[in-house]
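Please look over the structure below.

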Amino acid sequence: MQYKDGRELKMKRVSNKQTGLIFFPAFDWAISPTHPEREERLLYTRDQIFEEGIMDLPQIIEFAPKLATVHDVARVHFCVPRVKDQTTEAHLIAAGAAILLAEQIVAGNILNGFALVRPPGHHAMRVVHGNRGFCNINNEAIMIEKLRSRYGINRIAVVDTDVHHGDGTQDIFWHDPDVLFISFHQDGRTLYPGTGFTYELGGPKAFARTINIPLPPGTTDESLMYVVDNLIVPVLKDFKPDFIVNSAGQDNHYTDPLGSMRITAQGYARLTEKLKPDIAVLEGGYAIETALPYVNMAIILALAGLDYSEVREPDYWPGRFKESPERKAQVQRLVEELLKYWEMRDKASPDPKSVNGRFYQRKRRIFYDTDYIEEIQFESLKLCDDCPGYLSIDSTANHGYGRTGKVLCLSVPFKACSVCRAEAAETYERSKKDRDYQYVYLQDKAADTFLGYEVSTGQEWFSNG
């Protein structure tokens with residue numbers, strides 16, 4: 001096998017199944033014409049892939065995307081007031097592309113896949129009042145909950161490799177003991193969204209199912225591989241996920257204009273080879289010409305089990321970036337700290353200061369940097385002995401200019417017991433009469449149903465899977 005220019009393409013693969021790809025540049029969606037998150041992000045990658053003849057390889061198969069349904073989104077998010085108000089067709093296609101590839105993998109039709117799609121999604125949280133971090137809905141979370149609902153897949157691991165902390169994905173799975181969320185990113189003291197610290201470890205029913213690895217600016221491939229070999233891969237081995245998702249942000253690259261890291265295309269490829277994700281879904285990455293074509297191609301080759309050693313940026317040479325002894329020692333201490341937390345999983349009790357009777361509670365402030373919305377959440381989790389407990393979120397959003405809105409969101413998990421399901425349903429019916437709320441929602445994942453209610457008009461809507 002050869003590239004089009006005659007270079008030999010070496011084989012590493014052990015499976016006869018193909019790697020599935022979907023390209024969706026979303027020509028009809030952009031925050032602004034010159035915004036870093038724009039359609040050219042994928043056009044240069046597509047040119048590179050075609051020029052190298054990658055799409056002609058028998059190991060690669062391309063699919064056309066499909067739309068996610070409104071219920072696919074409602075299974076994950078509380079979009080205020082409704083899903084259609086927070087999404088465009090482009091958002092539904094990006095999420096639907098991830099679902100389509102995942103379903104092909106679960107069906108055994110392909111080995112793995114890479115959804116090269118936009119808009120991205122990993123900053124979209126459970127409650128959605130608008131766009132934050134270029135994201136409206138969370139593509140990976142929507143795909144994951146579809147797999148769990150439709151195919152009964154239980155344990156899923158998400159490894160977020162974007163330079164920005166995947167705070168939306170963390171929020172969605174914070175209380176879920178069956179979803180392991182690992183994010184490495186540039187230290188939140190130096191970059192948006194300012195979260196993702198080692199002490200953020202998950203809710204009382206899912207302690208250490210969230211693992212954040214805040215890396216110092218300037219981290220190179222060497223320290224990244226140390227983290228992968230000594231923390232991420234061992235934790236994945238312990239967790240034994242049924243399905244691994246790579247939330248694939250390419251902005252750790254040394255040329256990215258938004259980040260300050262020193263990761264190369266070769267580093268991303270080795271990372272992919274070690275993680276062995278079932279699916280990668282594109283997130284960030286804003287060096288449109290100097291990084292994305294090389295990083296994305298390296299990831300595709302690594303997924304397909306093909307040799308990626310010839311993929312190299314024009315301005316890179318081996319040994320260009322050397323890790324400082326101080327940074328190396330800092331990363332090693334970070335790994336030791338997180339391994340101790342991982343050993344404590346399932347053994348830690350909730351902080352007594354956060355427990356009120358049968359409920360674990362926390363108050364949060366969330367800023368929507370794109371839409372300038374300030375949200376205050378009061379979250380309450382039922383501490384049930386028989387199930388993960390249902391979640392209640394009292395959310396108030398300030399859109400500025402005196403426009404505010406208060407909603408109540410009730411979420412029942414897949415493994416909810418009958419008592420928690422009934423209690424959440426009773427709370428929903430009772431809250432429909434509370435004039436303090438504009439909207440009240442009930443998301444019952446166990447029954448795969450969604451109910452929304454507009455208090456001022458008495459109008460109710462329903463969807464199911």
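Is Arg41 buried or exposed? Arg41 is buried, because its relative accessible area is 0% (buried means under 20% relative accessible area, exposed over 50%, partly exposed in between, with a 1.4 Å probe and protein chains only).

## About the model

This is a predicted model, where local features need pLDDT of at least 70, side-chain atom pairs count only at pLDDT 80 or more, and totals for chains, interfaces and linings use all residues. Residues are numbered from 1 along each chain as its sequence is written, and side-chain values use heavy atoms, with hydrogens and water left out.

## Two domains

The protein chain is assigned domain 1 (19-314 + 321-344) and domain 2 (352-464); such bounds come from an automatic or database domain assignment. The C-alpha centres of the two domains are 27 Å apart. Domain 1 gives 33 residues to the contact and domain 2 gives 41 (contact means heavy atoms within 4.5 Å).

Between them, domain 1 and domain 2 bury about 3,100 Å², with 57% of it on carbon and sulfur atoms. Buried area is the accessible area (1.4 Å probe) that two parts lose on being put together, summed over both.

## Across the domain contact

Domain 1 and domain 2 share 4 salt bridges (a side-chain nitrogen of Lys or Arg within 4 Å of a carboxyl oxygen of Asp or Glu). Arg75 and Asp448 pair in a salt bridge, 2.9 Å from N to O.

## Salt bridges elsewhere

By the salt-bridge rule, the count comes to 28. Arg41 and Glu37 form one, at 2.6 Å from N to O. Glu37 is buried too, with a relative accessible area of 0%.

Asp221 and Arg270 meet in a salt bridge at 3.8 Å, N to O. Asp221 lies in helix H7 (residues 221-239) and Arg270 in helix H8 (residues 265-275), so the pair ties together parts 49 residues apart in sequence. Helices here are DSSP runs (H or I, at least four residues), numbered from the N terminus. Asp221 is buried at 10%, while Arg270 is partly exposed at 29%.

Lys432 bridges to Glu429, with the closest N and O atoms 3.1 Å apart. Lys432 is buried at 15% relative accessibility. Glu429 is partly exposed at 41%. Salt bridges with shared partners also join Asp72, Arg75, Lys146 and Asp448 into one network.

## Gln170

Gln170 sits in helix H6 (residues 167-173). Gln170 is buried, at 8% relative accessibility. Leaving aside neighbours within four places in sequence, Gln170 is in contact with His165, Phe181, Glu200, Thr210 and Asn212.

Note on methods
Helices (H or I, at least four residues) and strands (E, at least two) are DSSP runs, numbered from the N terminus.
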